Amino acid sequence: MRISLVQGDITEQEVDAVVNAANSTLLGGGGVDGAIHRKGGPEILDDCRKLRASHYGGGLPTGQAVATTAGRLPARWVIHTVGPVYSAAEDRSDQLASCYREALRIADELGIESIAFPAVSAGIYGWPVDDAARIAVHTVRSTPTKINDARFVLFTQDAYEAFEQAITT
Ligand code: AR6
């Protein structure tokens, strides 16, 4: 698997699936989630609502992932995952790693080859970006998958540099 870094907007990626840093309601929010729903259009929210009705009435648990259409995005699928809110008092690293593992597992179920990840939990959920980057890179590298193109798409220079550091160590 080739792992690469891109600085930019995940909604513009021409990949089979983009990963959304969602919240457990699956009903949208700010950050990447807001951008994906805005650009992808209402079909994504329709699918999310159906998933809530059929499987996730109580919300999608932290660390899990689920796929919907990508609507008008160039990607074919959005894989929504719910990162943990950062806590200095409690180590939630395994929940963050689980987001990447579960997204890759869903990607394999879909039979796809390329995927783009944002820095899950490193925005509104407050995870320090250096640590979020280490967990993301380590987990994607060590998870067996049929994906052959995995990209981290970083919105800010800071996040890009944190992932660059993580990928070279
Ligand atoms: N493309 C790529 N990365 C982006 C984009 C974009 N278009 N926009 C922001 N980022 P966040 P979280 C970066 O806050 O911390 C939402 O309200 C951003 O700079 O999107 O997991 C959800 O509904 C940061 O590095 O996700 C949840 O309630 C990274 O993406 C909550 O935020 C993640 O930031 C989830 O918070």
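**Helix packing and the ligand site**

Biologist: Hi! How do helix 4 and helix 5 cross?
Modeller: The axes of helix 4 (residues 129-142) and helix 5 (residues 157-167) cross at roughly 45° and come within 8 Å. That makes helix 4 oblique to helix 5, oblique being what is left after under 35 degrees (roughly parallel), over 145 (roughly antiparallel) and 65 to 115 (roughly perpendicular). Axes are lines fitted to C-alpha atoms, for helices over the stretch in contact, with angles from 0 to 180 degrees between N-to-C directions. Helices are DSSP runs of H or I with at least four residues, numbered from the N terminus.

Biologist: What kind of model is this, and how are residues numbered?
Modeller: It is a predicted model, where local features need pLDDT of at least 70 and side-chain atom pairs count only at pLDDT 80 or more, while totals for chains, interfaces and linings use all residues. Residues are numbered from 1 along each chain as its sequence is written, and side-chain values use heavy atoms, leaving out hydrogens and water.

Biologist: Back to that pair: which residues in helix 4 meet helix 5?
Modeller: V129, D130, A133, R134, A136, V137 and R141 meet D158, A159, A162, F163, A166 and I167 in helix 5, contact meaning heavy atoms within 4.5 Å. By class, the contact of helix 4 with helix 5 has 9 nonpolar, no polar and 4 charged residues. Asp, Glu, Lys and Arg count as charged, Ala, Val, Leu, Ile, Met, Phe, Trp, Tyr, Cys and Pro as nonpolar, and the others, Gly among them, as polar.

Biologist: And at what angle do helix 3 and helix 4 cross?
Modeller: Roughly 40°, with the axes of helix 3 (residues 93-110) and helix 4 coming within 9 Å. That makes helix 3 oblique to helix 4. The contact includes Y100 and R101 of helix 3 and T139 and V140 of helix 4.

Biologist: What about helix 1 and helix 2?
Modeller: Helix 1 (residues 31-40) and helix 2 (residues 42-54) have axes that come within 6 Å and cross at roughly 115°. I36, H37 and G40 of helix 1 touch P42, I44, L45 and C48 of helix 2.

Biologist: Switching topic, how many residues surround the ligand?
Modeller: There are 22, the closest being N23, G30, V32, D33 and I124; the cut-off is a heavy atom within 4 Å.

Biologist: Which backbone atoms lie by its oxygen atoms?
Modeller: A polar backbone atom of G30 is 2.7 Å from an oxygen atom of the ligand, and one of S121 is 2.8 Å from a ligand oxygen atom.

Definitions and conventions: Helices (H or I, at least four residues) and strands (E, at least two) are DSSP runs, numbered from the N terminus. A polar contact is a pair of N or O atoms within 3.5 Å; within protein, one must be able to donate a hydrogen and the other to accept it, and residues adjacent in sequence count only if both atoms are side-chain atoms.
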